[in-house]
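Here are my notes for your read-through. Have the structure open and follow along point by point.

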Amino acid sequence: MSMPRYLTFSGSRREGSFNTAVVNIVSGELSKLTTHVTELSLNDFELPLYEQTIENHHGLPDKAADLRDLFKHHDGLVIGCPEYNGFLPPLLLNTLTWISRSPAGQPDLSLFQGKCVLVISCSPGSLGGIRAAAHLKSFLSGVGSVIFPDMVIVANAFSAFKEDGNLADENLYRKLITTTRQFHQLTSSINA
Ligand SMILES: Cc1cc2nc3c(=O)[nH]c(=O)nc-3n(C[C@H](O)[C@H](O)[C@H](O)COP(=O)(O)O)c2cc1C
């Protein structure tokens, strides 16, 4: 079985982000299964708001080109998706929109196509961001990604974590680890 490369990131730059915290747990588990885990922070990839006039006048921002390069060299994505008004946060949508464009300012979905994705959402609400996660899954399947069928949803975020950063609910923690391992199996077999 080949060694898949994973790119993990959260659609939140907030200090103390719950989504980043869950993504960190998944990254830690994936690191036990493969040596190729890149933990990406969108803090390092500040981008202007995507707008076609900006693209026409200034082309692809350097940071977007760097991000495209990172996506290109990874087989699996783990995305933590905060929920804003039942939808994806602007930061995440903006990032995904920029990397859907080629340096020549044309549509280019190649970075998404065939890429295995595990979608995570965590929120203080009782639904844990499941609506945003469903929208993200819809976006990703529309651009040709292979979505892991099970989402990781962590509700009631203010009480969901222990001091060491792990999940307080043992059953949920076990499910998260099992899902991560199954995601790794799927990604490995697709990239074998
Ligand atoms: C503009 C805005 C809209 C939000 N809408 C929702 C929502 O629809 N559902 C929900 O569960 N939480 C909602 N929240 C709360 C976020 O889930 C919460 O701020 C969460 O901590 C964001 O994710 P993060 O911790 O990874 O930054 C909203 C927060 C903001 C700022």
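Which residues of H5 are buried?

1. In H5, the buried ones are Ala-132, Ala-133, Leu-136 and Phe-139. Buried means 20 or more other C-beta atoms within 10 Å of the residue's own, exposed means 12 or fewer, and partly exposed is in between, with C-beta atoms placed from the backbone. Because those residues cover an arc of only 120° around the axis, they sit on the same side of H5 (the arc is that of the directions from the helix axis to the C-beta atoms).

2. A quick word on the model. This is a predicted model: local features need pLDDT of at least 70, side-chain atom pairs count only at pLDDT 80 or more, and totals for chains, interfaces and linings use all residues. Numbering starts from 1 along each chain as its sequence is written.

3. Back to H5, which runs over residues 130–142. Helices (H or I, at least four residues) and strands (E, at least two) are DSSP runs, numbered from the N terminus. Turned away from the buried side are the exposed Ser-138 and Gly-142. The cover over the buried residues includes strands E3, E4 and E6 and helix H4; contact here means C-beta atoms, placed from the backbone, within 7 Å. Just after H5, look for Gly-144, with a positive phi of about 95°.

4. Now find His-36, in the loop between helix H1 and strand E2. His-36 counts as partly exposed because it has 16 C-beta neighbours inside 10 Å. Leaving out residues up to four places away in sequence, His-36 touches Met-3, Pro-4, Arg-5 and Tyr-6.

How values were computed
Expected span 1.5 Å × (residues − 1). Contact = placed C-beta atoms within 7 Å.
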